[in-house]
Structure formats: structure tokens, C-alpha cells
Amino acid sequence: MEPGLRADRPVAGVPQGSLLGPLLYLIYTADLPTLANSTTATFADDAAILTVHEDPTMAAQRLQMHLNKIQSWLKTWRMKANEAKSVQVTFTLNKICPPVKLNNDHLPQADEVKYLGIHIDRRLTWRKHITTKRKQLDLKLRNL
């Protein structure tokens with residue numbers, strides 16, 4: 001038995017970087033729950049759930065309803081969400097949505113999030129993203 005593996009738990013998965021890995025993951029997650037009043041954005045194993053409503057409480061209720069369905073789906077398929085990488089961001093100028101839960105833990109509320117390499121702030125100014133990209137370009141320019 002390899003170190004770190006437990007005999008009482010079945011081992012599942014595909015080798016990192018395998019050719020079939022992305023296709024098998026897409027097949028495995030094809031039935032990820034969706035709702036009519038929310039949008040699910042997925043890329044590989046990253047997911048974002050978006051809800052829109054002028055009333056922040058209603059937006060949070062819609063988001064919580066979707067998270068509850070995803071939580072049930074995760075349990076059915078014996079998968080776990082990485083709560084440490086999960087945050088709730090309210091994109092607005094003044095109001096904040098009530099907190100939502102995933103696996104009975106409140107998701108931390110943040111003023112910005114990094115999704116697929118893009119830094120998105122709650123006011124959609126793109127300031128953090130532009131600053132980060134300028135620093136990356138400055139480093140590359142110095143290396144030239």
C-alpha cells in the first residue's frame with residue numbers, strides 16, 4: 001500500500017496530465033445541477049455560480065438554493081468542494097448579500113475573487129487585474 005492511502009477508502013481518479021482525464025471529468029460532471037434563475041460557469045474543476053436580483057436577500061436565497069443542489073450532487077457522487085478556495089462576492093456599488101453556506105459552513109465574503117486568472121472586484125473596476133498584469137509584464141520586460 002502506498003503511503004498516504006487508506007485501505008478502507010477506494011482509490012479513484014486518473015493520472016495527472018493524462019489524455020483521457022479531461023474527457024472523463026467532463027463526462028463525470030455533465031449532470032452538475034443547474035437552475036433557471038442562476039448561471040453556472042465551469043472550466044475544468046473551477047466553477048462559479050452567479051445569481052442576479054435587485055434585492056440582495058433574494059439573490060442570496062437563489063444562490064443558496066443552487067448551492068444546496070450542488071451539495072447534494074457532490075454527496076451523491078462522493079466528491080468534495082474545496083471550501084478553502086470558495087468565496088462569495090456581491091457585485092454591487094452599495095448593498096451586500098446575506099451570507100450563504102456550503103456544507104453548513106458560511107462562505108467567506110470577499111471584495112474580489114480570482115477566477116480563471118482574472119481578478120474581479122465587487123465594483124467591476126478591473127483595477128486589481130490591470131495592476132497584476134502590469135506587474136507581470138514589467139517583470140517580463142526586465143528579463144528581456
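In which loop does Arg123 lie? Arg123 is placed in the loop between strand 6 (118–121) and helix 3 (127–143); helices (H or I, at least four residues) and strands (E, at least two) are DSSP runs, numbered from the N terminus. The structure is a predicted model, in which local features need pLDDT of at least 70 and side-chain atom pairs count only at pLDDT 80 or more, while totals for chains, interfaces and linings use all residues. Residues are numbered from 1 along each chain as its sequence is written, and side-chain values use heavy atoms, with hydrogens and water left out.

With a relative accessible area of 46%, Arg123 is partly exposed (buried means under 20% relative accessible area, exposed over 50%, partly exposed in between; 1.4 Å probe, protein chains only). Apart from its neighbours within four places in sequence, Arg123 is in contact (heavy atoms within 4.5 Å) with Thr92 and Leu93. The side chain of Arg123 reaches the backbone oxygen of Leu93 at 3.2 Å. The C-alpha atoms of Arg123 and Asn94 are separated by 9.1 Å, the two residues being 29 residues apart along the chain.

Two salt bridges are present in the structure, a salt bridge being a side-chain nitrogen of Lys or Arg within 4 Å of a carboxyl oxygen of Asp or Glu. Arg122 pairs with Asp111 in a salt bridge whose closest N and O atoms are 3.9 Å apart. Because Arg122 lies in the loop between strand 6 and helix 3 and Asp111 in the loop between strand 4 (105–106) and strand 5 (112–115), this pair ties together parts that are eleven residues apart in sequence. Arg122 is buried, at a relative accessible area of 14%, whereas Asp111 is exposed, at 55%. Glu112 and Lys128 also form a salt bridge through their side chains (3.9 Å, N to O). Here distant parts of the chain are linked, with Glu112 in strand 5 and Lys128 in helix 3, 16 residues apart. Glu112 counts as partly exposed at 34% relative accessibility, and Lys128 is partly exposed with a relative accessible area of 37%.

Ser38 is found in strand 1 (residues 38–43) and is buried, its relative accessible area being 10%. The side chains of Ser38 and His66 are joined by a polar contact of 2.5 Å (a pair of N or O atoms within 3.5 Å; within protein, one must be able to donate a hydrogen and the other to accept it, and residues adjacent in sequence count only if both atoms are side-chain atoms). Not counting residues up to four places away in sequence, Ser38 touches Leu50, Thr51 and His66.

The structure holds one aromatic pair; rings of Phe, Tyr and Trp (its six-membered ring) pair if their centres lie within 6.5 Å, and planes under 30 degrees apart count as stacked, over 60 as edge-to-face and the rest as tilted. The ring centres of Tyr28 and Trp77 are 5.5 Å apart and the ring planes stand at 65°, so the pair is edge-to-face. Tyr28 in helix 1 (residues 21–28) and Trp77 in the loop between helix 2 and strand 3 are 49 residues apart, and the pair links distant parts of the chain. Tyr28 is partly exposed, with a relative accessible area of 36%, and Trp77 counts as partly exposed at 35% relative accessibility.
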